[in-house]
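Open the model in your viewer and keep the sequence panel beside it. This tour goes one selection at a time.

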Amino acid sequence: MTMLISANPYQDLYIYYLSGRFRPGSAFDPDHYIGCWEEGGFSFLFFTRPNLPLVEKAVAHLQDLVLLDHYHMTYDQWQGGDVTPQRIGRFTISPPWYATALGRSDTTIILDPGVVFGTGTHPTTRDCLEALELAFSGGIPESTLDLGTGTGLLALAAARLGCPRVLATDLTLLAAQTAQRNVRLNRLSRQVLVAQGDAEKFIDFTSDLVVSNIHYDIMKKLIRSTGFLQKRRFILSGLMRSQAARIESTLAGLPVKIIKRWNQNGIWTTFYGEAG
Ligand SMILES: C[S@@+](CC[C@H](N)C(=O)[O-])C[C@H]1O[C@@H](n2cnc3c(N)ncnc32)[C@H](O)[C@@H]1O
């Protein structure tokens with residue numbers, strides 16, 4: 001087990017903690033920049049390589065931003081310790097180093113999370129998995145679009161549930177590479193295609209079902225697109241309470257109906273809906 005963890009190419013994580021709201025723009029090498037997380041007026045930038053001079057340079061050009069701290073986490077620390085198999089709905093999600101013991105089955109998903117989002121432990125991911133099962137209970141979609149796939153978990157789940165054509169996309173190269181690796185680990189390359197790019201570019205792709213666990217700024221653009229209205233079913237997640245209320249009010253003005261809502265800890269909301 002230790003050998004497999006240390007063989008992970010995305011072992012280390014470098015985190016830069018800033019005061020203020022940060023917009024990365026094109027200042028960072030996308031191979032090493034994973035993303036930005038904002039909370040309470042602070043921003044956290046995540047890299048897979050140390051990038052202090054670059055971050056300092058970018059911050060020096062931006063007003064009202066101060067680099068407060070930076071630290072390094074190992075893979076184990078980032079994932080919260082030992083990553084073990086977990087049961088979510090009908091699925092068992094297992095890191096590769098446990099998969100041999102579990103054996104292969106239609107309900108097992110082998111997932112090496114690397115350092116990108118989507119181990120399955122986050123409430124939004126769990127709700128999306130439940131929403132996928134609900135969406136498929138009405139019939140297997142011919143195609144599924146996963147926008148902001150992270151590790152590829154939701155795309156893999158859609159394929160495991162029987163969808164013959166799944167397109168998994170993510171803005172960051174690292175996420176797309178991680179998802180691709182997971183598709184191969186599950187031997188689902190015939191069903192799941194991975195692409196890198198902005199969700200806005202992919203929303204127009206023809207598909208019966210779209211699933212997107214993504215941040216609000218992107219979500220509000222997606223649901224205003226013509227591509228969104230062409231989907232028969234949708235799962236939208238990653239929305240905090242006030243954001244979910246705004247998305248719901250936009251959806252109310254569209255020819256769609258919300259079938260079910262999930263709300264975890266009073267914070268995270270997920271919607272499952274259908275074309276109305
Ligand atoms: C909250 S994670 C969701 C991961 C996974 N789908 C899940 O449910 O666990 C959001 C993902 O969206 C990606 N993302 C952020 N902005 C994006 C954009 N504009 N277009 C496509 N993907 C984007 C991030 O890189 C990240 O992997």
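Predicted model: local features only at pLDDT ≥ 70, side-chain atom pairs only at ≥ 80, totals over all residues.

**Stop 1: R187.** Select R187, in the loop between helix 7 (173-185) and strand 10 (192-196). R187 has 10 C-beta neighbours inside 10 Å, so R187 counts as exposed. Now check the backbone. Most residues other than glycine have a negative phi. R187 is not a glycine, yet its phi is positive, at about 55°.

**Stop 2: the whole chain.** Zoom out and colour by secondary structure. The protein chain comes to 11 helices and 14 strands. Of its 276 residues, 37% count as buried. Take the contacts between residues at least 6 apart in sequence: 64% of them join residues at least 24 apart.

**Stop 3: the domains.** Colour 7-78 and 117-275 separately. The domain assignment gives these as domain 1 and domain 2. Their centres, taken over C-alpha atoms, are separated by 26 Å.

**Stop 4: strands 1, 3 and 4.** Select strand 1 (residues 13-19) and strand 4 (residues 66-73). They pair in the antiparallel sense, over seven bridges. Click L13; opposite it in strand 4 stands M73. Which residue of strand 3 is the bridge partner of Y17? Pick F44 to see the answer.

**Stop 5: the largest nonpolar core.** Nonpolar side chains tend to be buried together in soluble globular proteins. In this model, the largest nonpolar core has 60 residues. Show L132, A155, A157, A158 and I235, the residues with the most contacts inside this core. Then select helix 6 (residues 153-160), which gives the core its largest share, seven residues. Domain 1 and domain 2 each supply at least three residues to this core.

Stay on A158. Setting aside residues up to four places away in sequence, A158 touches L132, T144, D146, C163 and V166.

**Stop 6: L161.** Step along to L161, in the loop between helix 6 and strand 9 (165-170). Is L161 buried or exposed? L161 has 21 other C-beta atoms within 10 Å, so it is buried. Beyond its neighbours within four places in sequence, L161 is in contact with L132, F136 and I140. Now draw a C-alpha to C-alpha distance from L161 to L18: the two are 41 Å apart in space and 143 residues apart in sequence.

**Stop 7: helix 5.** Select helix 5 (residues 123-137). Its 15 residues reach 21 Å from first C-alpha to last, close to the 21 Å expected at 1.5 Å a residue. The buried residues of helix 5 are T124, T125, D127, C128, L129, A131, L132 and A135. Just after helix 5, click G139, which takes a positive phi of about 125°.

**Stop 8: helix 11.** Finish at helix 11 (residues 241-252). Its 12 residues reach 17 Å from first C-alpha to last, close to the 16 Å expected at 1.5 Å a residue. How many of the 12 residues of helix 11 are buried? The count is one, and helix 11 is hardly covered.

Technical notes
Residues numbered from 1 in each chain as written. Helix = DSSP H or I, 4+ residues; strand = E, 2+ residues; numbered from the N terminus. Expected span 1.5 Å × (residues − 1). Buried ≥ 20, exposed ≤ 12 C-beta atoms within 10 Å, placed from the backbone. Pairing = 2+ DSSP bridges. Core = buried A, V, L, I, M, F, W, Y, C linked by C-beta atoms within 7 Å. Domains from an automatic or database assignment. Contact = placed C-beta atoms within 7 Å.
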